[in-house]
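Please look through the sequence and the model shown below. The explanation then moves from the chain as a whole to particular strands and residues.

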Amino acid sequence: MAKITQLPQTQQLTGDEHLPIVQAGETKRATLAALRAMIVPFLQNWYKGDRGDTGAAESTYITRATLIAAPISNRTYNFEPEAGVDDGLVAGKFGYRAGDFSGASYAKDFTTGAKVKLTAVALTTGALVRLDASSLTVRPSASGPFLRVPDAYEAGVRMSRFDYATSDKTKAFRDAIEEATERKIGKLIVPVETNTGLSRWDIQDSIATPDRPLPDGLKIVGEGALNPEHPYITTGTGTYIVYHGADAIFDMNFATGGVGSRRGGWEFCNLRLGWTDLAAAGAFRINRQDPNYLPKDTDTYAYVQNVLWTGHGWMGYMGDAVGVVKGAGISGAKMLGGTIGEGWQPSRARYSIDLLGCDDMRIKCMRSGPIRHRRANTFGNNLLVEVPWMGFGDPDYTDPADQVYALYLSGNSSYVNVRHIELSGPTPALKAIVFVDGDGDTLELGALTGVNGSNAVPIARIGPNCRDTVGRGWTAIVPDDRQAVIEDAPVSRSYGDIRNNFRLTLVDANENMRALAIKSATRVALDRIPAIPAFGIARGYSPDVRRIMTGTGRYPAEVIATPRGFDFPYGGNAANAPLKVIEGPVPDGAAFKLIAGQGNLILGAVQAGVHFAPGAQLTVRARIKAADTGSNLSFYYLKNGGFVAAISDCKTAGAYREDKVVVDTTGWAAGDTLSYFIAEGNGNTQDLYAEYHGVTQ
């Protein structure tokens with residue numbers, strides 16, 4: 001069925017027609033007879049569902065000359081030359097867009113035919129912009145098999161409309177984002193293939209830059225589904241963006257946003273994001289262009305809020321060169337409330353995720369490389385990490401001189417749950433699996449493997465600011481002493497004050513982990529240490545002996561304070577249990593107080609085969625304070641109740657001092673017990689203070 005305007009009885013008006021005067025009655029019926037004969041069959045076919053040949057509308061042009069002479073009032077411009085091209089311009093659909101297209105950056109578009117200048121309109125006012133076939137979206141419809149929806153009403157702006165015949169697709173992305181901004185459309189759709197059939201979108205420059213950031217709320221979506229297990233494989237499925245520049249794919253900086261200003265709301269879904277320059281900044285760099293910037297509430301940087309990574313995705317280095325990778329998957333500062341979703345897998349980067357002064361961030365990747373979260377001024381709080389597996393230390397891409405950790409945590413109130421972390425390659429310079437330097441963090445870590453071949457790293461390093469941090473369920477797979485926990489000196493030692501402790505407390509750690517935790521570190525507390533009977537208790541003495549946690553909680557994390565009347569086997573004269581008192585503010589905090597004249601005694605013990613291996617060199621440490629006159633305070637160290645060594649008549653001039661005794665257990669057997677006690681001697685007239693720092697080997 002033909003279109004009405006193509007029926008033989010009708011023609012397009014030429015402009016010189018005359019309107020006849022038709023009388024009523026027979027004359028009118030006769031005059032309309034021809035129209036009736038023409039229109040009735042047409043309507044019959046129409047109601048049967050035959051929509052007929054669409055034909056050419058009045059906005060269809062067959063020559064370039066007629067196209068450029070067209071008015072700007074048309075919704076669209078169909079350019080359909082008979083040969084498919086006329087005067088160098090390829091057939092296609094165009095739309096008029098207002099704007100200034102006179103700049104040099106648009107010159108190439110007019111050469112390629114991506115844009116066309118209208119005769120009646122200056123380039124400073126507007127031009128025709130090519131809209132390819134993909135600007136129509138085909139959707140199911142209840143009224144027929146398909147419904148073709150014009151691009152103005154589709155769910156998102158499609159990249160294909162802006163994909164010109166160039167190898168660098170940067171401008172296509174920027175034009176598409178500009179279109180989405182102008183039309184207030186919140187989604188940019190990136191197909192799997194370019195218009196020329198390539199399976200990846202190569203870009204030479206950043207899609208977003210400090211002077212050209214993404215509009216707030218924009219969602220960038222890859223059209224094809226990614227392989228959920230290995231989205232990084234270059235031959236895999238899904239939308240693939242490859243960056244060949246030296247900055248970041250999305251490189252945004254809001255340094256001049258204004259105090260209290262806010263940006264963000266972006267979402268990135270089903271994308272593979274790779275970069276080819278070893279020195280590039282990576283996939284996302286947000287507020288991190290200045291390496292010395294530390295976020296503050298009062299600075300002019302904008303808060304970047306509620307950024308989401310959803311669906312499946314990957315980001316990382318994918319160049320051919322082997323060497324040190326400098327960039328990060330996500331590097332951000334002053335970000336609030338962002339979420340990296342379960343389907344994402346950042347890898348092959350210096351840090352998969354590197355956050356500085358960011359609050360309330362959620363990392364829920366299915367796998368990840370190193371994660372770093374650092375505090376800055378009052379920022380760096382409430383990180384949530386839930387990742388099944390993490391690896392770090394790939395020797396092909398890691399700098400041997402770099403201080404890399406699988407987890408670097410110096411923020412506050414973080415919760416981390418990782419089921420398996422392992423050293424992926426033999427890179428000896430790596431410092432540890434986890435660096436803990438925050439306040440009030442909880443780290444639930446499962447299997448921890450710090451050994452790879454002939455190389456090994458400590459399982460943990462305790463930073464100077466680590467305070468009130470709890471580790472749950474840590475499981476050291478390999479009993480290798482090179483994984484022993486290491487520590488920095490704390491910024492403060494608040495002895496005995498459990499409200500102000502600078503330590504890591506391990507809960508439900510396996511035996512390998514417990515041994516590694518106490519081998520050399522003094523800032524580790526273990527919550528569940530096998531009970532060892534105190535001397536005399538086994539013989540029925542003093543059933544009310546109490547176990548008291550030491551102030552710092554250092555191993556063995558408990559002492560036995562004897563009650564009055566306890567007959568200690570080595571000449572002891574035990575009396576009242578000591579009092580745990582707070583001496584005052586910093587630096588001394590609190591310790592056990594041995595009241596003058598009451599014969600106080602504090603006792604602790606460790607057992608070979610349980611707490612240490614026979615033959616180990618044990619160091620017993622304690623911190624004491626005693627006056628130089630009128631004081632009598634002694635340390636005793638015994639094996640199975642027999643004397644080993646003593647430090648008698650300790651004098652510290654009324655200030656705290658740390659003392660230690662080294663005990664060689666060569667020749668000891670499993671079950672032998674080393675006990676140690678601090679006692680107030682005869683004639684003492686001064687209150688004494690003492691606290692165990694525990695036993696290390």
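The model is predicted, so local features need pLDDT of at least 70 and side-chain atom pairs count only at pLDDT 80 or more, whereas totals for chains, interfaces and linings use all residues. Residues are numbered from 1 along each chain as its sequence is written, and side-chain values use heavy atoms, with hydrogens and water left out.

The protein chain has five helices and 52 strands; helices (H or I, at least four residues) and strands (E, at least two) are DSSP runs, numbered from the N terminus. Of its 697 residues, 51% count as buried. Buried means under 20% relative accessible area, exposed means over 50%, and partly exposed lies in between (1.4 Å probe, protein chains only). The accessible surface of the protein chain comes to about 30,400 Å², and 53% of that surface belongs to carbon and sulfur atoms; such areas come from the Shrake-Rupley method with a 1.4 Å probe, and for residues only the protein chains shown count as cover. Among contacts in the protein chain with a separation of 6 or more, 72% are between residues 24 or more positions apart, where contact means heavy atoms within 4.5 Å.

The strands can now be considered. Strands of a sheet pair through backbone hydrogen bonds, either parallel or antiparallel. Two strands are taken to pair if DSSP finds at least two bridges between them. Five strands form an open sheet of mixed pairing, in the order β1-β2-β5-β7-β6. Its edge strands, β1 (60-61) and β6 (115-116), each pair on one side only. β1 is joined to strand β2 (residues 77-79) in the parallel sense over two bridges, and Thr60 stands opposite Asn78 in β2.

Strand β7 (residues 126-131) contains Arg130. Is this residue, Arg130, buried or exposed? Arg130 is buried, because its relative accessible area is 18%. A polar atom of the Arg130 side chain lies 3.1 Å from the backbone oxygen of Ala91. Not counting residues up to four places away in sequence, Arg130 touches several residues, among them Leu89, Val90, Ala91, Phe94 and Arg161.

A further set of pairings involves β28. Strand β25 (residues 351-356) and strand β28 (residues 371-374) pair in the parallel sense over four bridges, with Ile353 opposite Ile371 in β28. Strand β30 (residues 405-409) runs parallel to β28 and is joined to it by three bridges. Here the bridge partner of Ile371 is Leu407 in β30.

The aromatic residues give another view of the model. A pair of aromatic rings is described by the distance of the centres and the angle of the planes. Rings of Phe, Tyr and Trp (its six-membered ring) pair if their centres lie within 6.5 Å; planes under 30 degrees apart count as stacked, over 60 as edge-to-face and the rest as tilted. A search of the whole structure finds 13 aromatic pairs. Phe250 and Phe284 form a stacked pair, 5.0 Å centre to centre with 10° between the planes. Phe250 lies in strand β15 (residues 248-252) and Phe284 in strand β18 (residues 282-286), so the pair ties together parts that are 34 residues apart in sequence. The rings of Phe284 and Trp309 have centres 5.2 Å apart and planes at 85°, so this pair is edge-to-face. Because Phe284 lies in strand β18 and Trp309 in strand β20 (residues 308-317), the pair ties together parts that are 25 residues apart in sequence. Both Phe284 and Trp309 are buried, and Phe250 is buried too. Phe250, Phe268, Phe284 and Trp309 form one aromatic cluster.

Trp309 is also one of the contacts of Thr339, together with Val307, Leu308 and Arg362, leaving aside neighbours within four places in sequence. Thr339 lies in strand β23 (residues 339-340) and counts as buried at 16% relative accessibility. The side chain of Thr339 makes a polar contact with the side chain of Arg362 (2.8 Å). A polar contact is a pair of N or O atoms within 3.5 Å; within protein, one must be able to donate a hydrogen and the other to accept it, and residues adjacent in sequence count only if both atoms are side-chain atoms.

Finally, Pro395 lies in the loop between β29 (384-392) and β30 and is partly exposed, with a relative accessible area of 41%. Pro395 and Gly425 are 30 residues apart in sequence and 5.4 Å apart in space, C-alpha to C-alpha.
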